[in-house]
There are 2 protein chains.
Amino acid sequence: MTTLKNDRLLRALLRQPVDVTPVWMMRQAGRYLPEYRATRARAGSFLDLCKNPELACEVTLQPLERFPLDAAILFSDILTIPDAMGLGLYFTEGEGPRFEWPVRDEAAVVALGVPDPEEDLGYVMGAVRIIRRELGGRVPLIGFSGSPWTLATYMVEGGGTKNFARVKGMMFDRPDLMHQLLGKVADAIVTYLNGQVAAGAQALMIFDTWGGVLTPSDYRAFSLAYMTRIVAGLTREREGRKVPVILFTKGGAQRLGEMADSGCDALGVDWTMELSEARERVGDRVALQGNLDPCILYASPKRIREGVGRVLESYGTGPGHVFNLGHGIHPDVDPEHAAALVEAVHDLSPVYHV
Amino acid sequence: MTTLKNDRLLRALLRQPVDVTPVWMMRQAGRYLPEYRATRARAGSFLDLCKNPELACEVTLQPLERFPLDAAILFSDILTIPDAMGLGLYFTEGEGPRFEWPVRDEAAVVALGVPDPEEDLGYVMGAVRIIRRELGGRVPLIGFSGSPWTLATYMVEGGGTKNFARVKGMMFDRPDLMHQLLGKVADAIVTYLNGQVAAGAQALMIFDTWGGVLTPSDYRAFSLAYMTRIVAGLTREREGRKVPVILFTKGGAQRLGEMADSGCDALGVDWTMELSEARERVGDRVALQGNLDPCILYASPKRIREGVGRVLESYGTGPGHVFNLGHGIHPDVDPEHAAALVEAVHDLSPVYHV
């Protein structure tokens, strides 16, 4: 393996000193880039793109060609696991992901198996290997998965949902069955993420997109407990370095304190909490990643720079900050505005690392 | 005016002792009731229903015929104000509310006037008067409006939005213009709510549906500041009683502490925070309204009763709790499950008021 030329991300995630604050953007390989849209058109559907390792590598690297980002993140989808479990993932225009065979009863939960990363999700492992090779050690590669609760919402609902009627119905009426489902999904995620690490991922992120729709106690029981179990099962070293793990619960700012005890290394923070307050809550237990309101990228580069400055100032001095948006970059953002963000982070952050 | 036979709601909102915890449900007059769907079909469109005072009264009273609720809430829509400002409200099937003439530039903001409640929104004032007469003092009537920020999101976007691109774009790039817009909308809301009180509303609620999408400092400047200004401008007494004001920011649990200093009497709480914690944050400054996860109504009556019990227990003993869902009741909920909720609140709460 090549030596890592820029290891700011890994250092910051482990709360080690860095020269400037590392920066990457959630969904940095995505629709706001014309070159992404071109590759996507070439691939066919979104799912075709995910399942083609060469093209997944191509779009993963695209934002790095444009911006001096400090990390690459695997281009993939969180629903690859339930797809490999046999639920039949497909995408509909305008309505997003759907499953042909949702998990609605005990028999369906019992029937679920744990997919083998190389056999059943070989296209993801292949993409990780190719991306590592093509990166040539420029920056680290982040692997990822959805959280068990988040995957369960899609698996039970059969797709995206606004009300979470079915999945919460099952959680409230059949907590035993929901725990059985989440346990299986957690096992699958551990195997999947360890497969990504074996293939070359140098950091891992778990996206708990829907943990924020739960009450505090339901969050603890049905989301955080399973993420904690996953963290305990992960390969945490590769090529002589620790593989940091980031948890991110969207809408979960209120949960940061307990999330910091999950065994993870870093927490993603959305923009609903100042980083100064988040830092108070987690102390020196974990690093923090975030948390610029992604909508500021609709404003002028001057405003973007001011916004970046406020986030850096809120975190303050010392190690443990990875700059990011508080959520994925929106598809209709001007790429020049993303450039302004990355430039501002590198320009304005050295003063916090002296 | 007739004497109020059941004043639990008003007493609880003012933190005065009650015998049982009062309960009502956000969107209690709504699609989950077959009788609502029948009236709506008779009215024509949703907007036709809102603009017909007799039918608006009919649907307002429907849930009270079914359940021993402790309050009625005016059936209306938060977008009546921008409609009366000339934006041309209409509803599209599946896509929700739209405006023909969104507010996108300085000229559009300057052109906005403050509607006169009786002249421009007479159908709302008429509905309030008829509902008061038909209620005959059974329970108090709650009037309401959207918050300035929430109305501004629809006015600038031209309808509902997921990303808040335009409205946040304006907020970041032209904060001066956004403040001008919010100031005008706040003036309109004060006039509108005072009109409702003059017509008979006995409590008021401000729905800040989209305040939760803002950073802490943007929330303070662009949402809370204007709600505070509104509260200061409201008629606070009617028929020799105080007219309590409730603020509710969806996704705003983290803001409860500062919201409690707005001059309002009570705060709505969504289900992302335990009421015990919310109560610690606000102390004796305000009452709290909430906060059952509305999805528990998809579960069995037994689970609903357990859920109600946990919310009551979390608030604990003493005055100042109005039971409610943490968000509007979902349209596909079984009315029998709503009945189970109301019954459980009245059954289980006396022990907290001894």
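Through which surface do the copies meet? In this predicted model, 100% of the interface residues of chain A are also interface residues in chain B, so the copies meet through the same surface.

**Figure 1. Relation of chain A to chain B by a turn of 180°.** Chain A is laid on chain B with an RMSD of 0.0 Å, and the shift along the axis is 0.0 Å. The two copies are thus related as by a two-fold rotation axis. In chain A, the C-alpha nearest this axis belongs to A:Gln254 and lies 3.6 Å from it.

**Figure 2. Packing of helix 4 (residues 53-66) of chain B and helix 8 (residues 122-135) of chain B.** The axes of helix 4 of chain B and helix 8 of chain B are 8 Å apart, at an angle of about 45°. That angle makes helix 4 of chain B oblique to helix 8 of chain B. Their crossing is right-handed.

**Figure 3. Residues in the contact of helix 4 of chain B with helix 8 of chain B.** Helix 4 of chain B contributes B:Pro53, B:Glu54, B:Ala56, B:Cys57, B:Thr60, B:Leu61 and B:Leu64. They meet residues of helix 8 of chain B, among them B:Tyr123, B:Gly126, B:Ile130 and B:Glu134. By class, the contact has 10 nonpolar, 2 polar and 2 charged residues.

**Figure 4. The aromatic pair of A:Phe144 and A:Phe207.** Over all chains, the whole structure has 10 aromatic pairs. The pair of A:Phe144 and A:Phe207 is edge-to-face, with 5.6 Å centre to centre and 90° between the planes. A:Phe144 is in strand 4 (residues 141-146) of chain A and A:Phe207 in strand 5 (residues 203-208) of chain A. The pair links distant parts of the chain, 63 residues apart.

How values were computed
Residues are numbered from 1 along each chain as its sequence is written. Chains are lettered from A and ligands numbered from 1 in the order in which they are written. This is a predicted model: local features need pLDDT of at least 70, side-chain atom pairs count only at pLDDT 80 or more; totals for chains, interfaces and linings use all residues. Side-chain values use heavy atoms; hydrogens and water are left out. Copies are superposed by least squares on the C-alpha atoms of residues with pLDDT of at least 70 in both. Contact means heavy atoms within 4.5 Å. Axes are lines fitted to C-alpha atoms, for helices over the stretch in contact, and angles run from 0 to 180 degrees between N-to-C directions. Helices (H or I, at least four residues) and strands (E, at least two) are DSSP runs, numbered from the N terminus. Angles under 35 degrees count as roughly parallel, over 145 as roughly antiparallel, 65 to 115 as roughly perpendicular and the rest as oblique. A crossing is left-handed if the near helix is turned anticlockwise from the far one by less than a right angle, and right-handed if clockwise. Ala, Val, Leu, Ile, Met, Phe, Trp, Tyr, Cys and Pro count as nonpolar, Asp, Glu, Lys and Arg as charged, and the others, Gly among them, as polar. Rings of Phe, Tyr and Trp (its six-membered ring) pair if their centres lie within 6.5 Å; planes under 30 degrees apart count as stacked, over 60 as edge-to-face and the rest as tilted.
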